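Here is a briefing on a protein chain and its ligand. Please read it alongside the display below.

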Amino acid sequence: MTLTEMRQWLDGRGIQLTRSLGQNFLHDGNQLRRIVAAADLQSGDRVLEIGPGLGPLTELLLKNSGSVLAVEKDLRLVEVLRERFAGEPHFELLHADALEWLKDGAPRDWTGWKLVSNLPYSVGSPILVELALTEHAPDRLVATLQREVVQRITAGPGTEHYGLLSLLLQMRYDPAGSFSIPAGCFFPAPDVESACVTLKRRAPEALDAAGRTLFVRLVKLGFSQRRKMMLKQLRTAWSEESLLAGFAVAGIAPTARAEEIGLDRFVTLTRHLAASNPPSRV
Ligand code: SAM
């Protein structure tokens, strides 16, 4: 879909773009093909696309996968997409706020699915976390976001961008590369820098469902005051004795701050706390 075609669809329907919905459409063919390549699509793959917009990515996803489920919040764009992809048997379109839809409590099994999306930036991180923490999470997440958010997702311990978002996603996903997308590839050009990140599901899982719940509590509490000793925050939920024993098993210094502690150590500490001592005051 070229920039000229995008303008034609918008002008033809008198659509004024809505800034609050992050409506920056990707019209650069090379960048769209790079995103699709990062998804490593197979003919049987099911793809979830959140925020299809006018469908520049959707058309490539339909060509390269088994089926596409797209979720778009803006009814004006839903109508464009219905017209553009009418008669496409492998395309399903939902008119919904994707974040509310993912949080609605309905059980969904994303096994065998890949998320491939140029996400609405204002809700990009919560959408990824929601999918990553769901019981049956997608096999792969390929997401275009603000570059700063991609840096936070892929960061390691002791670095500026490392934090809660890094751990919540890396607990189940291995960052498998990212690339920058220049602002001029979008219409209109966004004021922030963008990048596309690929996250591959870890197999086997580091933690079972109960362990993941405990891990989320642990890292949220640990990062609640990221520049202070983590032990102090965690003592509000677990006994100091079991925490110190877990720290020793995980190789964490009692004086360590959350931002210095890597994923493997958090996982080991989670396993220790799960086995030895359920949280007392969480
Ligand atoms: N994928 C298209 C592209 O690459 O050109 C559009 C991407 S644009 C960055 C984000 C899209 O997400 C817009 O179409 C916007 O209307 C839609 N959107 C914004 N908030 C949404 C939400 N909460 N749920 C679903 N779609 C949303």
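β1 (25-26) and β3 (67-72) each give at least two residues to the shell around the ligand. Helices (H or I, at least four residues) and strands (E, at least two) are DSSP runs, numbered from the N terminus. This is a predicted model: local features need pLDDT of at least 70, side-chain atom pairs count only at pLDDT 80 or more, and totals for chains, interfaces and linings use all residues. Residues are numbered from 1 along each chain as its sequence is written, and side-chain values use heavy atoms, with hydrogens and water left out.

**Ligand site**

- The ligand is surrounded by 22 residues, and Leu26, Gly51, Glu72, Ala98 and Asn118 are the closest. Here, a residue is near a molecule if one of its heavy atoms lies within 4 Å of it.
- The shell holds eleven nonpolar, six polar and five charged residues. Ala, Val, Leu, Ile, Met, Phe, Trp, Tyr, Cys and Pro count as nonpolar, Asp, Glu, Lys and Arg as charged, and the others, Gly among them, as polar.
- The ligand sits in the largest pocket. A pocket is an open set of points on a 1 Å grid over the protein atoms alone, where a 1.4 Å probe fits, with protein on both sides within 12 Å along at least five of seven lines. To sit in a pocket, a molecule needs more than half of its atoms within 2 Å of the pocket's grid points.

**Polar contacts and cover**

- A polar contact is a pair of N or O atoms within 3.5 Å.
- Glu72 places a polar side-chain atom 2.6 Å from an oxygen atom of the ligand.
- Asp97 has a polar side-chain atom 3.3 Å from a nitrogen atom of the ligand.
- Lys73 uses its backbone: an N or O atom there lies 3.3 Å from a ligand nitrogen atom.
- On its own the ligand has 590 Å² of accessible area (Shrake-Rupley method, 1.4 Å probe). The protein covers 98% of that area.

**Fold**

- The chain has twelve helices and nine strands.
- Its radius of gyration, taken over C-alpha atoms, is 21 Å, close to the 19 Å that the globule rule gives for 282 residues, so the chain is as compact as a globular protein of that length. The rule is 2.2 Å times the number of residues to the power 0.38.

**Backbone details**

- The peptide bond from Phe187 to Pro188 is cis, with omega near -15°. Pro188 lies in the loop between β8 (186-187) and β9 (194-201).
- Asp40 is not a glycine, yet has a positive phi of about 45°.

Methods. A polar contact is a pair of N or O atoms within 3.5 Å; within protein, one must be able to donate a hydrogen and the other to accept it, and residues adjacent in sequence count only if both atoms are side-chain atoms. On a 1 Å grid over the protein atoms alone, a cavity is a set of points where a 1.4 Å probe fits but cannot get out, and a pocket is an open set with protein on both sides within 12 Å along at least five of seven lines; lining residues have an atom within 4 Å of a point.
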